[in-house]
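Dear colleague,

Please find below the structure that I am handing over to you, followed by a summary of what was found in it.

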Amino acid sequence: MADMNREKSGQRPPNNRMLRRALLLMIVGGIAAFLVLIGKLFDIQILHHKEYETAAIDQQVRETTLDSGRGSIYDRNMNILAMSASADTIYISPAEIVMYDEDPVLIAQNLARILDADYGRIMEMTQDTKSWYKTVARRVEQEKSDAVREFKNEYNLKGVKIEPDTKRYYPYGDLACHVVGFVGYENTGLAGLELSMNSVLTGSAGRVVRAKNAYGTDMLYTKFEDYYDAEDGYSVVTTIDRTIQYYMEKHLKQAAEDYGVQNGAAAIAMNVKTGEILGMVSLDNFDLNNFQEVSDRVKKQMEETTDEVVRKTLFEQAQQAQWRNKAVEEMYEPGSTFKPITVAMALEEGAVTTDSSFYCGGFIQVPGDMGDNGRHCWKTEGHGMQTLTECLQHSCNVAMIQIAQKVGAEKFYEYVDAFGFNDTTGIELRGEAGSLWWDAELFCNPWNQTQLAAASFGQTFNITPLQLVRAISAVVNGGNLMQPYLVKEIVDAEGNTVSRTEPTVIRQVISKETSETMCRMLEQVVCDKKEGTGKNAYVAGYRVGGKTGTSTDTVQEAKTGLKEYIVSFIGVAPMDDPQICILVLLDNPDEACGVYVSGGNMGAPTVGNMMADILPYLGVEATYTEQELETMDRSVPSTVGLPLSVAQMRLEEQGLTYRVIGDGANVTLQMPAANSIVAAKSQIVLFADATPSEDLEEVPDLTYLPYDIARQRLGYLALFINTDSHNITGDQSQVVAHQSIAPGEKVEHGTVVRVTLTDNDSSTNGRY
């Protein structure tokens, strides 16, 4: 019937061919659909497997990072310079605040109050209701963290979270700040050893992985939690000696204040035999616990302007300046502190001997000088005929040129390389500068010796302070160029040594014999009170040697046209067995400070003061001459309660004089107090049943007075004097440069005024 109907309608029944075609189309369509499905599965499971797996894990688990314990930083005697202590991170979960219907205003108000945070910022965080983690405060100290915990428990808040963290502490504040460095908010080193040793100090972070339920909250059972322990970092033991560092910072800060230093200062102390850096200072210092804070001077400048761009610029420039390590990251012209290098190479090559002599008429011309231009000595009238030792004592430029000419430009250039001035030292700090020297072909041009002449006395090339300390150490230690280093060893949490740095000799530059000769000559620069330009570095009882330096900041002069001086002194002691080398650099002292600007007048006494504290600390025994014993400051003995005759005898034994006020038989009061340090021959005031006047005395101006005259001037007023100088000659040329109490200030009787002395001898008063 159906076939009849199809025939009536003109339709033919499907034949086998049509059926096969339909079947083929169905198979092809099915295969195509299957291929699309396979392709999609390949895309999901193969090409984007990690992406979807990560998304799935994010939906199912919450991972919390556990900070590893950051290693400590120690000085060489295991005093802690940097350490980590427990703290907490406070965060909120806006999603849970909504989920548990908690009051965001209550949370924001209380967290802002407890943490001294911004209420508006916390309220803004609570509005991001899709977020499960918003950090409110990091590295919160225990007291505040406990207050947050008490608030959280009081209101049973699920949306307020506390997790363990660590905070970096620097027990000594700004001590060795440029060496130690600091960390950022992520406990990652940003400067100093904190940066350069970051991978050693950091360790490996741990993790806590917890399963989440469909609502995004943590599942409560421990079987849904995995804990991966953090591995603490190693600790770094430095070569820095906390005590030596303290003495260096103390005296460098005082020098910067006394001489009105305007562009910062630096100092380095190195063990000449090992290359260990015992101290490194770069002023201005900053507190490592608050490293972003700037000085009051900069804050005042910022307050004086309403321009936010200017304020921001001043702030950022001040931060960068205070973080910069002048001892390592900046180059400068060494000036006359380079002259020992010139003399050492000449002795080593046999170009000169200690019997050689040189004439200085104050001026010399060399091949390449144009017209009447030539090289001047700082002493314009010249030094006349000099021995080799006197050339170094006098810091004679003309003699150094003649010595360099005897060496020859090619050989001079080889020694510059051998002493390490063409290489960075490789110290364990980032940002170490290199040097700026002439091209060898230009320097060695026989028709133009102007470069050789300038180099012979340390001008028109740039090096770093650390390069100079390394080179001078080689001059005095037997001739070995040592590798400077700051990291003594690395230890684990139990104190076991992981690695240790051993002293490394890079090369031998000069012979032991030449080095011994240089030691004798450098000692004469300081110890010869008549001829030595470095005599202000003399320390009673100790054999100190060294060299002065004064140079101009040519970069600054080219920019501004203003001449600014960098004064320096490099000292070594003890000269019979050199142990320590100290370089001090003062950048742009104020010419109005009252002291003639030179390395001999400013750098030398600063190094002398450092040596006077450091050498006894190192166990170097002092041997005093009779003259030194006579002129040294004295400690005032206690005489109260003693009969006058006994008190007078004790004072005389100490090299002190006395006067008595009153008619009693025993001492009832003394001025100054017992154990005060005063000048020799000071007149101690003894009261015998008498009362001193309560009137105040006005401190006189002692500037430019010889020490003995200043003592007498104060003595008339029942005031007393001592000095931070350790070279009291008693000569009239040695005068007061600064006093601890300003002229005109009124003080009580018995007050001791501390003064700084300098030798104002015009025969050595030049820019040497």
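A residue is called buried here when its relative accessible area is under 20%, exposed when over 50%, and partly exposed in between (1.4 Å probe, protein chains only). Helices (H or I, at least four residues) and strands (E, at least two) are DSSP runs, numbered from the N terminus.

The model is a predicted one, in which local features need pLDDT of at least 70 and side-chain atom pairs count only at pLDDT 80 or more, while totals for chains, interfaces and linings use all residues. Residues are numbered from 1 along each chain as its sequence is written, and side-chain values use heavy atoms, with hydrogens and water left out.

Helix α17 (residues 397-407) is mostly covered, with nine of its 11 residues buried. These are Asn397, Val398, Ala399, Met400, Ile401, Gln402, Ile403, Ala404 and Val407. After α17 comes Gly408, which has a positive phi, near 95 degrees.

On helix α2 (residues 16-47), which contains Leu23, there is a contrasting feature to look at. Leu23, Ile27, Ile31 and Leu35 make a nonpolar surface patch of about 390 Å². Patches consist of residues with over 30% relative accessible area and no salt bridge, like charges being joined within 9 Å and nonpolar side chains (Val, Leu, Ile, Met, Phe, Trp, Tyr) within 5 Å. The accessible areas come from the Shrake-Rupley method with a 1.4 Å probe, and for residues only the protein chains shown count as cover. An α-helix has 3.6 residues a turn, so residues three or four places apart point the same way.

Sheets

Two strands are taken to pair if DSSP finds at least two bridges between them. Five strands form an open sheet in the order β10-β9-β21-β20-β19, with antiparallel pairing. Its edges are β10 (277-283) and β19 (545-552), each of which has a single partner strand, so one side of each is left without a neighbour in the sheet. On average, neighbouring strands of this sheet are turned by 10 degrees against each other, direction ignored. Axes are lines fitted to C-alpha atoms, for helices over the stretch in contact, and angles run from 0 to 180 degrees between N-to-C directions. Six bridges pair strand β9 (residues 265-271) with β10 in the antiparallel sense, and Ala269 has Gly279 in β10 as its bridge partner. Helix α21 (residues 465-476) lies across β9, β10, β20 (565-573) and β21 (580-587), at about 145 degrees to β21. Contact means heavy atoms within 4.5 Å.

A second open sheet has three strands in the order β23-β26-β24, and its pairing is mixed. Here β23 (657-661) and β24 (669-671) stand at the edges with a single partner strand each, so one side of each has no neighbour in the sheet. The twist from one strand to the next averages 25 degrees. β23 and strand β26 (residues 683-687) run parallel and are joined by five bridges; Tyr658 has Ile684 in β26 as its bridge partner. Helix α26 (residues 644-653) lies across β23 and β26, at about 155 degrees to β23.

Strand β31 (residues 752-759) is mostly covered, six of its eight residues being buried. It pairs with strand β28 (residues 720-723) in the parallel sense over four bridges, and Asn722 stands opposite Arg754 in β31. Strand β29 (residues 734-739) pairs with β31 in the antiparallel sense over five bridges, with His738 opposite Thr756 in β31.

Salt bridges

A salt bridge is counted when a side-chain nitrogen of Lys or Arg is within 4 Å of a carboxyl oxygen of Asp or Glu. By this rule there are 24 salt bridges. One of them joins Lys167 to Glu141, with the closest N and O atoms 3.2 Å apart. This pair links distant parts of the chain, 26 residues apart: Lys167 is in strand β5 (residues 160-169) and Glu141 in the loop between β4 (134-140) and α7 (142-154). Lys167 is partly exposed at 24% relative accessible area, and Glu141 is partly exposed at 39%.

Arg500 and Glu489 form another salt bridge, their closest N and O atoms being 3.2 Å apart. Arg500 lies in strand β17 (residues 497-500) and Glu489 in strand β16 (residues 487-491), so the pair ties together parts 11 residues apart in sequence. Glu489 is buried, at 14% relative accessible area.

With kind regards
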